[in-house]
Amino acid sequence: MFNKDESKRIRQEFWTSFGKEYPRKWLLYNTKIKDVTLKFTFTTKKAQVSIDIEPSDAIIREYYFDKFVSLKNILISEYISDIMITDAYELDNGKIISRLYIEIEEVSIHNRNTWETTMAFLHKNMSKLEEFFLEYKDFIDN
């Protein structure tokens with residue numbers, strides 16, 4: 001449908017528009033915990049907001065994952081009730097990570113008609129995930 005250059009241009013346009021609509025500095029990679037990041041994902045099929053746990057050492061990944069799982073009831077009751085939590089999420093490149101995420105489907109970065117809904121979804125849910133993460137960061141990191 002779109003060639004590589006067109007797709008890249010559309011993606012850049014979306015993220016620039018998102019930044020203008022919701023101007024703020026997001027935590028994302030600056031969690032201060034190695035291999036634990038907050039991420040936005042928007043593809044041609046879905047949009048996600050996630051906390052990714054991706055150290056190469058499985059023991060470290062399990063340690064952080066268990067910390068998040070121990071906070072599951074708080075996360076669900078006070079922040080995002082329909083969060084999904086998985087210890088083995090496969091990325092498109094085949095890498096297995098642990099992920100806490102919420103997503104919407106039937107949106108596409110190539111379809112501008114879905115951008116407004118997606119931007120609101122990303123903003124609302126990343127704000128909640130950041131709030132949760134910052135509140136419990138010391139517990140997660142110790």
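Strands E2 and E4 (residues 96-105) run antiparallel and are joined by eight bridges; strands are DSSP runs of at least two residues, helices (H or I) of at least four, numbered from the N terminus, and two strands pair if DSSP finds at least two bridges between them. This is a predicted model, in which local features need pLDDT of at least 70 and side-chain atom pairs count only at pLDDT 80 or more, while totals for chains, interfaces and linings use all residues. Residues are numbered from 1 along each chain as its sequence is written, and side-chain values use heavy atoms, leaving out hydrogens and water.

**Strand E2 and its partners**
- Lys-46 has Glu-105 in E4 as its bridge partner.
- E2 also runs antiparallel to E1, with seven bridges joining the two.
- E1 and E2 form a hairpin, with three residues between them.
- Val-36 has Ile-53 in E2 as its bridge partner.

**Glu-54**
- Glu-54 lies in the loop between strand E2 (46-53) and helix H2 (58-70).
- Glu-54 counts as buried because its relative accessibility is 15%.
- Not counting residues up to four places away in sequence, Glu-54 touches Asp-35, Thr-37, Lys-39, Leu-91, Lys-95 and Ile-97, where contact means heavy atoms within 4.5 Å.

How values were computed: Buried < 20%, exposed > 50% of the residue type's maximum accessible area, 1.4 Å probe, protein only.
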